[in-house]
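Below is a briefing on one chain, grouped by topic. Please keep the sequence and the structure in view while reading.

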Amino acid sequence: MPTYEFLEIANTDGDGSFEKKNFISYEELKKHSTYSDAWIAIDGIVYDITNFIHEHPFGDTFRGIIGTDCSGLFASAHIHVNAENFLKNERYLKDNNINLVGYLCVNQDNLHKDNNGKYLDRIVYKKLNNDEFWLELKSRVKNYLIDNNELTHYSLTEGIMYLLYHSTIFLLLSYITWMSGSVLSSILLGFHMVCASASMSHMVAHFGFTKNQLLGFIALHFMDLSGFSWLEWQIVHQTHHNQPHSSIDYQTNQYVPIRIHKYVKLNRHHKYQYLYFWIGILFYHLRAFPMSTIWLIKNREFARYRYEIIGHLLSKVAFISLIFYCGYLHGVWKALILFIIYSISFSFFAFILLYNNHEETHNVLSLNENINPYHNKFSWAEIQVRTSGNWYPTNWILSFIEFHYGYFNYHIEHHLFPSFKPILLKKISPIVRNVCDKYDIPYISTTFIEVHQSFQRHIKKMGLEV
């Protein structure tokens with residue numbers, strides 16, 4: 001590691017300064033990306049959180065952001081508290097076993113490649129306390145919450161009602177699918193489990209469901225009833241929130257490897273990606289169905305995570321038992337076909353509903369062959385707006401879908417304020433649009449059909465020589 005100058009980093013207690021620390025290169029930061037050796041950077045300062053991860057309520061969700069700059073994700077996840085001030089307090093850091101490492105220095109090439117040669121647009125953002133757009137947006141949204149007495153999470157009663165709502169539909173569709181052997185019901189079940197996972201399990205992991213731990217535990221494992229481990233998915237999902245929404249991160253590439261950005265090397269097979277992409281994503285759930293359980297067993301210590309493991313295994317057994325019972329009633333081949341149809345339906349709707357990327361959202365990064373010159377120049381909040389997009393319902397079916405999967409068609413708002421309960425996303429959208437207009441930042445909102453037509457144009461263009 002190169003030697004850098006020393007610099008004193010002041011705290012807010014007025015008692016001098018922390019001990020002198022080195023500048024840390026981004027290359028060095030990325031080396032500390034395991035639970036046993038975990039560093040993160042927030043607003044240009046690098047912290048060692050190795051001994052803090054297991055103290056955090058959702059410490060495991062750090063997995064996807066360890067070894068990176070996560071300033072934006074940190075700020076947006078703690079919108080309701082002044083968490084930035086905690087990190088400036090030496091006593092708070094000591095009490096929570098968080099060690100100050102030094103200042104982040106970004107001055108080397110090839111930051112967009114990891115050790116395996118994969119392209120990751122790990123942008124280091126400019127400091128949030130100098131970002132006028134983010135500061136005004138945060139202030140106006142917080143004032144809205146105060147003026148309208150809005151909570152960022154559901155009340156216990158609301159949480160119970162949502163859980164009962166999604167559970168009732170799940171039981172009904174499961175009965176019709178596996179007991180009656182209905183193909184149509186298996187398709188609807190796949191759609192419903194995507195919606196239920198997004199609007200409940202997903203929101204618990206973002207602290208936007210309820211504050212009741214038991215209800216949260218049940219809602220989290222609703223995703224496990226679909227065949228996934230919620231924890232394995234959420235760890236991947238955090239990388240998606242930490243970087244531009246249209247980033248080439250692990251979550252995107254686990255569907256199927258494609259070329260979205262210009263700095264990804266163009267290969268011959270990419271000219272067919274607009275075709276094979278749609279084939280590949282249909283088998284996403286089939287692949288993840290066994291792998292999520294294998295991952296959980298291999299990566300979780302039973303003594304520490306026994307409730308998570310047991311909850312996942314019980315959910316998986318319940319799901320598989322229904323398939324086996326269907327085989328007993330209707331034959332093995334009928335049960336297998338229904339499972340495959342359900343799995344394909346889940347995969348298809350997971351992408352169609354949750355990947356709200358327009359052509360313009362990809363162009364923010366895809367037009368640049370090298371992102372390195374843009375470190376410390378991009379606003380995290382602005383990039384979340386520019387690389388996310390919304391769609392609005394144009395008929396009663398889409399209006400129902402908007403409600404059923406938790407208003408995540410307001411994806412710009414979700415990426416700016418991921419800890420907000422879903423219904424708030426629609427309510428704050430006029431504020432977000434207004435602030436975007438003030439700062440001349442494009443706020444993309446189109447019809448549902450236009451979103452996917454736009455994305456199709458983009459992946460076709462990225463597969464061709466220009």
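Which residue follows helix 17, and what is its phi? Helix 17 is followed by G406, with a positive phi near 85°. The structure is a predicted model, in which local features need pLDDT of at least 70, side-chain atom pairs count only at pLDDT 80 or more, and totals for chains, interfaces and linings use all residues. Residues are numbered from 1 along each chain as its sequence is written, and side-chain values use heavy atoms, with hydrogens and water left out.

**Overall**

- The chain has 20 helices and eight strands; these are DSSP runs numbered from the N terminus, helices being H or I of at least four residues and strands E of at least two.
- Of the 466 residues in the chain, 57% are buried (buried is under 20% relative accessible area, exposed over 50%, partly exposed in between, with a 1.4 Å probe and protein chains only).
- The accessible surface is about 21000 Å², and 58% of that surface belongs to carbon and sulfur atoms (Shrake-Rupley method, 1.4 Å probe; for residues, only the protein chains shown count as cover).
- Contacts (heavy atoms within 4.5 Å) between residues at least 6 apart in sequence join residues at least 24 apart in 75% of cases.

**Nonpolar cores**

- The largest nonpolar core holds 110 residues, and Y47, L137, L416, F417 and V432 touch the most other members (a core is a set of buried Ala, Val, Leu, Ile, Met, Phe, Trp, Tyr and Cys residues joined through side-chain atoms within 4.5 Å).
- Helix 7 (residues 183-205) supplies the largest share of this core, eleven residues.
- A second, separate core has nine residues, among them Y26, W39, L104 and V124.
- Beyond its neighbours within four places in sequence, Y47 contacts A38, W39, I40, I42, L87, L93, I98, N99, L100 and V101.

**Helix 17**

- Helix 17 spans residues 396-404, and its buried residues are L398, I401, E402 and H404.
- The cover over these buried residues includes helix 6, helix 7, helix 14 (332-354), strand 7 (390-392), helix 19 (422-438) and helix 20 (448-462).
- N395 caps the N-terminal end of helix 17, with a side-chain oxygen 3.1 Å from the backbone nitrogen of I397.

**Helix 1**

- E28 is in helix 1 (residues 26-31) and is buried, at 12% relative accessible area.
- The side chains of E28 and H32 make a polar contact of 2.8 Å (a pair of N or O atoms within 3.5 Å; within protein, one must be able to donate a hydrogen and the other to accept it, and residues adjacent in sequence count only if both atoms are side-chain atoms).

- Most residues other than glycine have a negative phi.
- N97 has a positive phi near 55°; N97 lies in the loop between helix 4 (90-95) and strand 6 (99-105) and is partly exposed, at 39% relative accessibility.
- D440 also has a positive phi, of about 55°; D440 lies in the loop between helix 19 and strand 8 (445-447) and counts as exposed because its relative accessibility is 65%.

- K211 sits in the loop between helix 7 and helix 8 (213-220) and is exposed, with a relative accessible area of 69%.
- K211 and G159 are 52 residues apart in sequence, while their C-alpha atoms are 9.3 Å apart in space.
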